[in-house]
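Here's a quick briefing to read alongside the model. Have the structure open and follow along.

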Amino acid sequence: MNTSRPPLRSLDDALADLLGHAAPLGRTESVSTFEADGRVLVRDLVSALQVPPQDNSSMDGYALRCADVAAAGAAGLPVSQRIPAGSASQPLQVGTVARIFTGAPLPEGADAIVMQEDTEVLADGRVRVLNVPQAGQWIRRSGEDVTRGDTVVRAGQRLSPAEMGLAASIGLATLPVSVRPRVALFSTGDELVMPGTVPPESMKPGAIYNSNRFFLRALLQRLGCEVSDLGIVPDDREATVRALREASASHDLILTSGGVSVGEEDHIKPAVQSLGTLDLWQIAIKPGKPFAYGRVGTAHFIGLPGNPVSSFVTFLVLVRPFLLKLQGATLTAAPVTHLPAHFDWPRPDKRREFLRVRRNALGGLDLFPNQSSGVLTSVAWGDGFVDNPPGRVIARGDTVSFISLSDLLA
Ligand code: AMP
Ligand code: MG
């Protein structure tokens with residue numbers, strides 16, 4: 001038996017290679033702006049109008065001409081009109097003020113708003129201004145948010161609530177986005193049991209619950225994918241071939257976990273190779289390492305390691321950017337924060353490590369004590385990873401690179 005393994009390759013190299021295969025799907029659809037959260041925009045959004053449309057008041061108070069209020073507390077001015085939000089204003093008569101409310105259009109001729117707290121309404125209804133106003137005060141200018149012709153959101157942006165609101169502010173009820181990638185997901189492993197089918201006290205020796213299926217499905221859904229969950233495929237060549245063939249016809253990606261090591265029970269490699277192509281990669285990261293990329297018909301194939309933390313981490317660092325690129329998203333590296341380690345890491349690995357850590361109240365990072373690739377508690381406990389270069393010893397107080405899990409899960 002040939003036990004030689006391909007050489008370890010760096011994560012950056014593997015990612016570049018993987019992204020080289022991720023041609024954007026190119027299929028687009030129009031969705032309601034309400035439903036666009038997390039979707040990737042495929043055309044620039046250009047504004048046909050100014051936001052706000054007119055100069056308007058940012059306070060409840062009075063619109064006036066500064067020249068009419070030379071001194072604070074001078075004789076009061078009569079109120080010549082009332083302008084609630086949503087109504088039109090008339091030109092302001094000289095020597096008068098206009099009662100105005102937040103968001104209401106500024107009357108022509110007015111050059112300042114005085115908030116009502118800075119005024120006194122006299123017995124005869126005239127309004128006395130208590131502080132000398134500055135020209136322009138409490139006025140929101142037309143176009144100060146968006147100018148006509150501005151690109152407010154660029155193609156390739158993944159939409160989030162703020163962009164949905166911004167799109168609505170320029171009048172867009174629907175948005176052009178990439179279709180959702182169709183992903184077939186299955187787990188391999190005869191030891192796996194679905195929660196709910198066998199109670200914990202009746203689990204056979206060697207059996208474990210399938211945890212990868214749950215987080216992988218949720219991760220895929222967060223990335224905007226339409227997931228076909230094909231469940232557990234037994235460690236059997238024929239069953240694996242059948243599942244792959246079925247999935248390949250109607251999916252953009254087949255994602256599996258487990259079975260990509262080089263043991264005899266790892267059936268993914270020969271099964272994919274019998275239908276298409278497959279490369280097994282050994283990536284110099286920990287947790288992680290085994291990873292497979294290939295094609296089955298028109299579908300991409302990605303095989304993740306079975307160990308839960310390895311599966312989780314390789315999904316975030318490789319599959320996530322892959323799926324974003326399929327949707328045409330502009331890729332940006334997860335933001336890195338430099339923070340002090342409040343732990344020691346005296347025996348680093350030769351591979352680049354993603355250590356599960358948590359920010360503490362002192363502004364430093366605590367390390368989860370068990371960094372084994374099977375210990376999913378470390379990911380749930382942590383709020384991010386230290387991205388530790390190969391062989392780097394960490395001593396308490398050293399500055400390390402922290403990547404927040406919430407940035408990767410967004
Ligand atoms: P494999 O990559 O198939 O050799 O699996 C590596 C380790 O991950 C083994 O201990 C498996 O039992 C475990 N494993 C594989 N798939 C899953 C899964 N879906 N959920 C939980 N553990 C898994
Ligand atoms: Mg297995």
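Predicted model: local features only at pLDDT ≥ 70, side-chain atom pairs only at ≥ 80, totals over all residues.

Residues are numbered from 1 along each chain as its sequence is written, chains are lettered from A and ligands numbered from 1 in the order in which they are written, and side-chain values use heavy atoms, with hydrogens and water left out.

**Helix 4**

- Helices and strands here are DSSP runs numbered from the N terminus (H or I, at least four residues, for helices; E, at least two, for strands).
- Helix 4 covers residues 237-249, and its end C-alpha atoms sit 19 Å apart, which agrees with the 18 Å that its 13 residues should span at 1.5 Å a residue; the expected span is 1.5 Å times one less than the number of residues.
- Ala239, Thr240, Val241, Ala243, Leu244, Ala247 and Ser248 are buried in this helix, where buried means under 20% relative accessible area, exposed over 50%, and partly exposed in between (1.4 Å probe, protein chains only).
- The cover over those buried residues includes strand 14 (182-188), strand 17 (226-233) and helix 5 (268-275); contact means heavy atoms within 4.5 Å.
- At the start of helix 4, the backbone nitrogen of Glu238 has a side-chain oxygen of Asp236 within 3.3 Å.

**Nonpolar cores**

- A nonpolar core is a set of buried Ala, Val, Leu, Ile, Met, Phe, Trp, Tyr and Cys residues joined through side-chain atoms within 4.5 Å.
- The largest one has 44 residues, and Leu255, Phe291, Ile302, Phe315, Leu316 and Leu323 have the most contacts inside it.
- Helix 6 (residues 308-326) gives the most to this core, with 12 residues.
- A second, separate core has 19 residues, including Ala184, Val233, Ala239 and Phe301.
- Beyond its neighbours within four places in sequence, Leu255 has contacts that include Val183, Phe186, Ile302 and Phe315.

**Ligand 1**

- Which residues come nearest to ligand 1? Of the 16 around it, they are Glu191, Asn210, Gly259, Gly306 and Asn307, with "near" meaning a heavy atom within 4 Å.
- The side chain of Glu191 has an N or O atom 2.6 Å from an oxygen atom of ligand 1.
- A polar backbone atom of Gly306 is 3.1 Å from an oxygen atom of the ligand, and a backbone N or O atom of Asn212 is 3.4 Å from a nitrogen atom of the ligand.

**Cysteines**

- There are zero disulfides in the structure, counting a pair of cysteine sulfur atoms within 2.5 Å as one.
- Cys66 is buried at 15% relative accessible area, and Cys225 is buried at 5%.

- The Val51 to Pro52 peptide bond is cis, with omega near -5 degrees; Pro52 is in the loop between strand 3 (45-46) and strand 4 (56-57).
- Lys286 to Pro287 is also a cis peptide bond, with omega near 0 degrees, and Pro287 lies in the loop between strand 20 (285-286) and strand 21.
- Lys289, found in the loop between strand 20 and strand 21, has a positive phi near 70 degrees despite not being glycine.
- Trp138 has a positive phi of about 60 degrees, though not a glycine, and is partly exposed at 35% relative accessible area.

Note on methods: Polar contact = N/O pair within 3.5 Å; in protein donor to acceptor, adjacent residues only side chain to side chain.
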